[in-house]
Amino acid sequence: MNSLGLSLIFKMGCICAKETCTINARKYTIREHLAEGGFSTVSLAEDTLSHKKYAIKKIICHGFDDQRLALKEIEYHTILKHPNIIECIDSTQQGSADPVLNITSEVLLVLPYYHKGSLANELERRARNNDYMSPLEILHMFLQICEAVKVFHEIKPDALAHRDLKTANILLGDGMTPIIMDLGSVAPARVKVCGNQEAQTLQDLAAERCSMPYRAPELFNVESYCMVDERTDIWSLGCILYALCYFKSPFDSVHERGDSVALAVISANINFPENSPYNEDMKDLILSMLKSNPMERPYIYSVIENVHDVISKLEGRA
């Protein structure tokens, strides 16, 4: 065989070679890249022995803080257990970050793969066909999301908040079961802010990790002396319930127009589309969570109770 033929074989070998990674002695073949965020990438992978599909989240750590946060995410997976919260099947850290020597490390998480994608994908599909879900379908799905959020809020000794609840962070399992994902933004829920510097730190963190159309107003403009608690998530739940009804967060259109989401959120001016198949009870439920003053927002227990009340009314009419 001539050298040209050999070189072609080597080139083809390079083209056909699949990217692989090993996590705690299990080998995975990377099939495709699914998503990329500011801090991580998610790939579809296949166990080389069982051929079962998984999602592998890779977090690149540029410094000690990045590494600490990534390992904290793994820790949150171990304590936040619920059928509607994504499970971490395996994890590992590769290398050790050293910002002085410009050395990065990687933290890898093996997660279940949900082929139906996210609730955001489903709502985009429904929006194209003007395919509204029934009120009962919406409320039963929303109830499962709330039950999962309750796990964050009642964890001991200190309550946790997800801080980035949105339709893109809810995967869909069999039977349209909602699964909350991405624990990278999870933080202690109750933060006592004392002074301008602490307020600015929390505001910057929120800007970095909480998506604008679902971010609570108190995180856009953090006051110098205040208490922020788990009701940041209640605001996000209000946006999610609105999106379940009308396909998008009430502030998505503001974002798409290029107008100030911060101003729209802080004013909490919520518009409901006309001619939708939802009654005043559903709208009142949404508005009860979208109070600009967090002290006026219900805690998760009251939200769950209110959802049950609306379900009972609808079932009574059926």
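What is the volume of the largest cavity?

1. Basis of the note. This is a predicted model, in which local features need pLDDT of at least 70 and side-chain atom pairs count only at pLDDT 80 or more, while totals for chains, interfaces and linings use all residues. Residues are numbered from 1 along each chain as its sequence is written, and side-chain values use heavy atoms, with hydrogens and water left out.

2. Cavity. The largest cavity has a volume of about 30 Å³, and the search of the whole structure finds 1 cavity of 30 Å³ or more. A cavity here is a set of points, on a 1 Å grid over the protein atoms alone, where a 1.4 Å probe fits but cannot get out, and its lining residues have an atom within 4 Å of a point; the volume is the space filled by probe spheres set on the points, which are joined across faces, edges and corners.

3. Cavity lining. R163, C210, Y214, R215, A216, L219, T232, D233 and S236 line the largest cavity, and by class they comprise 4 nonpolar, 2 polar and 3 charged residues. The largest share of this lining, 3 residues, is contributed by α7.

4. Overall form. The protein chain has 11 helices and 12 strands, taken as DSSP runs (H or I, at least four residues, for helices; E, at least two, for strands) numbered from the N terminus. Of its 318 residues, 48% are buried, where buried means under 20% relative accessible area, exposed over 50% and partly exposed in between, with a 1.4 Å probe and protein chains only.

5. Nonpolar cores. The largest nonpolar core has 60 residues, and L80, F142, L237, L241 and L244 have the most contacts inside it; such a core is a set of buried Ala, Val, Leu, Ile, Met, Phe, Trp, Tyr and Cys residues joined through side-chain atoms within 4.5 Å. Elements that each supply at least two residues of this core include α4 (135-153), α7 (231-246) and α11 (300-317). Another core, of 14 residues, lies apart from it, with I59, A97, L171 and I179 among its members.

6. Cysteines. The search of the whole structure finds 0 disulfides, a disulfide being a pair of cysteine sulfur atoms within 2.5 Å. For C194, the closest cysteine sulfur is that of C226, at 8.8 Å, which is too far for a bond; C194 is also partly exposed, with a relative accessible area of 39%.

Notes:
1 Å grid on protein atoms, 1.4 Å probe; cavity = no way out; pocket = protein on both sides within 12 Å on 5 of 7 lines; lining within 4 Å. Nonpolar A, V, L, I, M, F, W, Y, C, P; charged D, E, K, R; others polar.
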